[in-house]
Amino acid sequence: MIGKVLGGTAAVGATGLGYGLWEAQQFTLRRVDVPVLPAGQAPITVLHISDIHLLPRQRRKLEWVSRLAQLEPDLVVNTGDNFCSPDALEPLLEAWGSLLDAPGVFVFGSNDYTMPAFKNPAKYLAGPSKVEEHTERPLPYDDLRSAMTSRGWADLNHHRAELEVAGRRIAFRGTDDAHLRKDDYSLVSGPPVEEVDLNVAVTHAPYLRLLDAFAADRMDMIFAGHTHGGQVCVPFKGALVTNCDLDTPRVKGLSSHTAATSGGELHTSWMHVSAGLGSSPFAPYRVACRPEATLLTLVAG
């Protein structure tokens, strides 16, 4: 009897793992409208890419990413964790192709700086992963940075930038990775730029300390990644974890964040958190949370 129970449990586990491995290959393009532009303005399309976690052997992922250029977005926002091994850099750049010709901005995550390390996936249920658990094996992040900036993409790791996008002027600010505690918002903080059509904040990991700071400085919109949408979700309930201090209802997709400004009034920023296109090579599965990129259409509010 015990043997039958154990055998049945093993069969269920194997089936679940097989499904998770299959779902991790079901790449999906999400589409969402965001009423954030000033009244009377024409739409702007934004492709949000995050958490590719690329390995060169992932041919199906590379082929899917290579087709994103056909969308011809007005702007590309990349919120980090691009690759997992040094030899993935060139395939990654080749897959982006003509996307690098579009206006773009980027920040880095931990898997732009260092290669991932093995960790028991069950530890994520106990809270966000720790800085000391990340490997010290470096990735060629400066080569990645140079490849993107040489094509005109703006590095927002503790930098500001202004870009012309579809005939409009957009002001950006961003931080380095909060999950690695590399963030220092004071380097880019301050009131919104008044002479532009939109003020946008970009970071990898949506920790509340940054979301509060962005909204307090009256950003129109915030972009982030990192969460993988929870990666393993419960149908009809959603994510169990976010791998940061963000609440699970906002683990992916379009939502908002509200904070008090220096003047005491409340400001609400639109926020988009990408569930990302990949996962750690040591946990290459997803459940009820397909890998994704998102094409956002910014429209007049």
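Biologist: At what angle do helix α3 and helix α5 pack, and how far apart are their axes?

Modeller: Helix α3 (residues 89-96) and helix α5 (residues 141-149) pack at an angle of about 20 degrees, and their axes are 11 Å apart. This is a predicted model, in which local features need pLDDT of at least 70 and side-chain atom pairs count only at pLDDT 80 or more, whereas totals for chains, interfaces and linings use all residues. Residues are numbered from 1 along each chain as its sequence is written, and side-chain values use heavy atoms, with hydrogens and water left out.

Biologist: Why is α3 called roughly parallel to α5?

Modeller: The angle of about 20 degrees makes α3 roughly parallel to α5, because angles under 35 degrees count as roughly parallel, over 145 as roughly antiparallel, 65 to 115 as roughly perpendicular and the rest as oblique. Axes here are lines fitted to C-alpha atoms, for helices over the stretch in contact, and angles run from 0 to 180 degrees between N-to-C directions. The helices themselves are DSSP runs of H or I with at least four residues, strands being runs of E with at least two, numbered from the N terminus.

Biologist: Which residues meet where α3 packs on α5, and what is the make-up of that contact?

Modeller: Leu 89, Leu 92, Leu 93 and Trp 96 in α3 meet Asp 143, Leu 144, Ala 147 and Met 148 in α5, contact meaning heavy atoms within 4.5 Å. Of the residues in this contact, seven are nonpolar, none is polar and one is charged; Ala, Val, Leu, Ile, Met, Phe, Trp, Tyr, Cys and Pro count as nonpolar, Asp, Glu, Lys and Arg as charged, and the others, Gly among them, as polar.

Biologist: Which residues of α2 meet α3?

Modeller: Leu 62, Val 65 and Ser 66 in α2 meet Pro 91, Leu 92, Ala 95 and Trp 96 in α3, and this contact divides into six nonpolar residues, one polar and no charged. The axes of helix α2 (residues 59-66) and α3 come within 7 Å and cross at roughly 35 degrees.

Biologist: What makes β6 and β12 edge strands?

Modeller: In the open sheet of six strands with the order β6-β7-β8-β9-β13-β12 and mixed pairing, β6 and β12 (253-260) each pair on one side only, where two strands pair if DSSP finds at least two bridges between them. Six bridges join strand β6 (residues 160-165) to β7 in the antiparallel sense, while β7 and strand β8 (residues 198-202) are parallel over five bridges.

Biologist: What makes β7 a mostly covered strand?

Modeller: Six of the seven residues in strand β7 (residues 168-174) are buried, a word that means under 20% relative accessible area, with exposed over 50% and partly exposed in between (1.4 Å probe, protein chains only).

Biologist: Why does Arg 137 count as partly exposed?

Modeller: Arg 137 has 43% relative accessibility and therefore counts as partly exposed. Arg 137 lies in the loop between α4 (110-113) and α5, and, leaving aside neighbours within four places in sequence, is in contact with Tyr 113, Thr 114, Met 115 and Pro 116. The C-alpha atoms of Arg 137 and Ser 85 are separated by 9.5 Å, although these residues are 52 residues apart along the chain.
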